[in-house]
Amino acid sequence: MRIKLKKYNKIIGVFVSVMMVLMIAGCAKEQNEDNGKIKIVTTTTMLADLARVIGGDYVQVNGLMGPGIDPHLYKASAGDVSVIQEADLVVYNGLDLESKLGEIFASLEKEEKVVVMIAEGLPDADLIMDEETGGYDPHIWFDVNLWKMASSNLLEGLIKVDPMNKEVYIKNHEAYVKELEVLNSYVGEEVALIPESARVIITAHDAFQYFGKAYGMEVLGLQGISTESEAGTGDVKSLADYIVEGQIKAIFVESSVPKRNIEALQEAVKAQGFDVEIGGELYSDSLGTTGTDAETYIGTMRSNVETIVNALK
Ligand SMILES: [Zn+2]
């Protein structure tokens, strides 16, 4: 009887140990999934970068669109919808950049979730109205000063979600604003190296109007401000004429738009007996690939301005 009881105790002992191991493993797993960080979901790569900079160690950023993805055409997957549902803070560009995600953002407004539209409240005078669509041009990140202003919206949203760490976010934001001011001066100085008559950017779609307005360059795109419309043959013809007349040295392909339209433009110019080179690839609606210098917003802006200046100066 005594022996039997001992055996029984031993079995219970093993059972309890196994249970404890399982419970500890369970806790560890839970901690891993919910690491206490603020979950931010962003649409574009520019916004993911901004959220990482301002949130620092306190946030976990999940960017829906990777490098090279065109936000005008991006549709949400079922996975995206559940990631958005679980987020503490959702950040999107607005001004109809993410035109296929409109319904999702509209439904979020009904939920009690902090949602930030980065272009919210920017001064009318600084925004560019697009005649073709009758709406505002959404590519605000190409004016560094405008992007700096817009970054305050993300800061405010983050403070709303996590007021405990307010001071940290304000400090991160202030340091970044200084970096953006340095960048803004750098872009201006670089563009000044291009002869005035050659300050023309010709690309696949009209992403660079804010860049042109802020730094004094003329900007022409084969497609309008969205890539949703196809470039017509008339657009190719008139741009080709413009290049030949102006003796423009270079045109540019974009990282998030197929090259074929710009190559067709180059051919049309060649048919008129003039050679225009492809001056390189510009990052338009997405940052560069992770692991390169252009993986951050600042790196992308520097890379773009260097590509433009090298091709046109
Ligand atoms: Zn665009």
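Which residue forms a salt bridge with Lys237? In this predicted model, where local features need pLDDT of at least 70, side-chain atom pairs count only at pLDDT 80 or more, and totals for chains, interfaces and linings use all residues, the partner is Asp241, with the closest N and O atoms 3.0 Å apart. Residues are numbered from 1 along each chain as its sequence is written, and side-chain values use heavy atoms, with hydrogens and water left out.

A salt bridge here is a side-chain nitrogen of Lys or Arg within 4 Å of a carboxyl oxygen of Asp or Glu, and the structure holds two of them. Helices (H or I, at least four residues) and strands (E, at least two) are DSSP runs, numbered from the N terminus. Asp241 is partly exposed, at 22% relative accessibility; buried means under 20% relative accessible area, exposed over 50%, and partly exposed in between (1.4 Å probe, protein chains only).

The other salt bridge joins the side chains of Glu181 and Lys148, at 2.9 Å from N to O. This pair links distant parts of the chain, with Glu181 in helix H6 (residues 166–191) and Lys148 in helix H5 (residues 144–161), 33 residues apart. Glu181 is partly exposed, at a relative accessible area of 38%.

Turning to the metal site, the zinc ion is coordinated by NE2 of His72, His139 and His205 and by OD of Asp285, at 2.0 to 2.1 Å. Donors are N, O and S atoms within 2.8 Å of the metal (3.2 Å for Na, K and Ca); water is not among the atoms, so sites may look incomplete. The arrangement is tetrahedral because the four donor atoms subtend angles of 92 to 122 degrees, the criterion for four donors being that all angles lie between 85 and 135 degrees. Along the chain, the donors follow the spacing H-x66-H-x65-H-x79-D. His72 lies in the loop between strand E2 (59–63) and helix H3 (78–86), and His139 in the loop between strand E4 (114–117) and H5, so the pair ties together parts 67 residues apart in sequence. His72 is buried, at 1% relative accessible area, and His139 is buried, at 0%.

Finally, Pro195 lies in the loop between H6 and strand E5 (200–205). Leaving aside neighbours within four places in sequence, Pro195 is in contact (heavy atoms within 4.5 Å) with Leu312 and Lys313.

Note on methods: Tetrahedral: all angles 85-135°; square planar, octahedral: opposite > 155°, others 65-115°.
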